[in-house]
Amino acid sequence: MYIKGIEEPLITRLFATTLTGAAQSWFSSLLAGSIRSFEEIGGRFLLNFSTSKKQPKFEFALGKIKQQPGKTLQKYLDRFKMAALQVPGLSENVHLYLVITGLHGSSRLAKSVYKDPVRTLVEFTIRSKKYLELEQMEIENADPRPHQIQVEKPGNRKQNDFRGKRPEEKNLSKIRFDRYTPLNSSRSQIWREVESTEMKRVDIPRPLLNQAGLDQARYCAFHDGPGHTTEECWDLRDAIERYIREENLRQYLI
């Protein structure tokens, strides 16, 4: 507005139209005729709201940011990065020291940098990227069901835990694993590559029941039928895990 040559009295009046909430209430409480210039209203405004300004962080505040047990590396690094941006004049050496000391002792990244130190933030970023990718892979391969191994016993089917499973899949597999090995490829891709091997002959799944009521838009190559996708298939997940524990499919391990 100054560049366009707008006069100060108009600027002073227009300033009030930009205010909302508490600032608008403050302006409305001013006595009529008490403001004589834009400089005066600006000074009063800053004096009244200076404590509302977001204060910059200091280096000691970053030292309080720690990776909590059970929290992901991604969340910790994101939180630290956002806080570091608010510290004016933060040196690279201090930044590097604080982000490393904030890692949890059980963190694989922490063990890595203590064993083989990094000397710059660029080196740390490159090193952390590998562990972030590994963490994401493990999350994607994690089993969302309760960690229980279920074994079907003759005459005792009611005791098996089939929560979260579709009714037509309840009799497809005898063993459910409580943990699954992290893989470097999707299960659907692994099945495409191994379905013609001996794995197909050993792990031929039983056909899904009641196919008429299944979602015809979702196809499972493992069952060769509708109802769910290949990637969602619990029976394929368990079949692959059995083979891995039998020292097969090693090429798909991280």
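The secondary structure of this chain comes to 11 helices and two strands, where helices (H or I, at least four residues) and strands (E, at least two) are DSSP runs numbered from the N terminus. Read along the sequence, the pattern is α-α-α-α-α-α-α-α-α-α-β-β-α.

The model is a predicted one, in which local features need pLDDT of at least 70 and side-chain atom pairs count only at pLDDT 80 or more, while totals for chains, interfaces and linings use all residues. Residues are numbered from 1 along each chain as its sequence is written, and side-chain values use heavy atoms, with hydrogens and water left out.

Of the 254 residues in the chain, 36% are buried, a word that here means under 20% relative accessible area, with exposed meaning over 50% and partly exposed in between (1.4 Å probe, protein chains only). Two residues illustrate these classes.

| Residue | Place | Relative accessibility and class |

The buried residues of H8 include Phe 124, Arg 127, Tyr 131 and Leu 134. Its buried residues pack against helices H5 (73–84), H6 (92–101), H7 (108–115), H9 (187–194) and H11 (234–245). Arg 127, leaving out residues up to four places away in sequence, is in contact (heavy atoms within 4.5 Å) with Leu 109, Ser 112, Val 113, Asp 116, Pro 117 and Val 118.

In soluble globular proteins, nonpolar side chains tend to be buried together. A nonpolar core is a set of buried Ala, Val, Leu, Ile, Met, Phe, Trp, Tyr and Cys residues joined through side-chain atoms within 4.5 Å. The largest such core holds 21 residues, of which Leu 62, Leu 73, Tyr 76, Phe 80 and Phe 124 touch the most other members. The elements that give two or more residues to this core are H5, H6, H7 and H8, and the largest share, six residues, comes from H5. Apart from neighbours within four places in sequence, Phe 80 is in contact with Leu 62, Ile 65, His 95, Leu 98 and Val 99. A second, separate core of 15 residues includes Leu 183, Leu 236, Ile 240 and Tyr 252.
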